[in-house]
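Thanks for passing this one along. Have a look at the model first, then go through my notes below.

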Amino acid sequence: MPRPTVAQLAYGSATVVLSTLAMLLLSQTSSGPGIGVIAMSAVILGLFVALNVPRPKQEPARDARQESGAESGSAAERVPTQRVISSEPAHEPTRERAPVHETAGP
């Protein structure tokens, strides 16, 4: 599970605090259950806001050619490489089985 970013924590916390204050001031409730409902709804709203904050985009994994510097230029200049598909079946290495030694009965 990815860790929350600083922006997610900040937006979520600010949403909880500000929405709690706003709902308490607007509802003017003083009962325990009313305050509990407002607090829980503020936490749910804060989680919703924190989960919808856009995450920074991660760079795609680079292959060995790009890391070694063999390929240069911007992303717009790069041309995707084409793979050659062979009609011959792929040859897989075969495993040799150990010889089975049968023993004569008693």
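Here are my points, going from the overall layout to the details.

1. Ground rules. This is a predicted model, so to speak of local features a pLDDT of at least 70 is needed, side-chain atom pairs count only at pLDDT 80 or more, and totals for chains, interfaces and linings use all residues. Residues are numbered from 1 along each chain as its sequence is written, and side-chain values use heavy atoms, with hydrogens and water left out.

2. Overall layout. The chain has three helices and zero strands, in the order α-α-α from the N terminus. Helices (H or I, at least four residues) and strands (E, at least two) are DSSP runs, numbered from the N terminus. Of the 106 residues, 10% count as buried; buried means under 20% relative accessible area, exposed over 50%, and partly exposed in between, with a 1.4 Å probe and protein chains only. Among contacts with a separation of 6 or more, 58% come from residues 24 or more positions apart, a contact being heavy atoms within 4.5 Å.

3. Helix H1. With 22 residues, H1 reaches 31 Å from first C-alpha to last, close to the 32 Å expected; the expected span is 1.5 Å times one less than the number of residues. Which residues of H1 are buried? They are Gln 8, Gly 12, Thr 15, Ser 19 and Thr 20. Seen down the axis, the buried residues of H1 fall within an arc of 120 degrees, so they line one face of the helix. (The arc is that of the directions from the helix axis to the C-beta atoms.) Val 6, Leu 18 and Leu 25 are exposed on the other side of H1.

4. Helix H2. The 20 residues of H2 should span 28 Å, and the end C-alpha atoms are 29 Å apart, which agrees. Gly 34, Ile 38, Ala 42, Gly 46 and Ala 50 are the buried set in H2. Their arc is only 135 degrees around the axis, which puts them on the same side of H2. Turned away from that buried side are the exposed residues Gly 32, Pro 33, Val 37, Ile 44, Leu 47, Phe 48 and Leu 51.

5. How H1 and H2 meet. The buried residues of H1 pack against H2, and what covers the buried residues of H2 includes H1. Leaving out residues up to four places away in sequence, Ala 42 touches Val 16, Ser 19, Thr 20 and Met 23. Ala 42 and Thr 15 are 27 residues apart in sequence but 7.4 Å apart in space, C-alpha to C-alpha.

6. The loop residue to check. Gln 28 sits in the loop between H1 and H2. Phi of Gln 28 is near 50 degrees, a positive value in a residue other than glycine. Gln 28 counts as exposed, at 69% relative accessibility.

7. The largest pocket. How much space lies in the largest pocket? About 250 Å³. The lining has 15 residues, with Pro 4, Gln 8, Leu 47, Ala 50 and Leu 51 nearest the centre. H1 (6-27) and H2 (32-51) are the elements that give two or more residues to this lining. On a 1 Å grid over the protein atoms alone, a pocket is an open set of points where a 1.4 Å probe fits, with protein on both sides within 12 Å along at least five of seven lines; lining residues have an atom within 4 Å of a point. Grid points are joined across faces, edges and corners, and the volume is the space filled by probe spheres set on the points.
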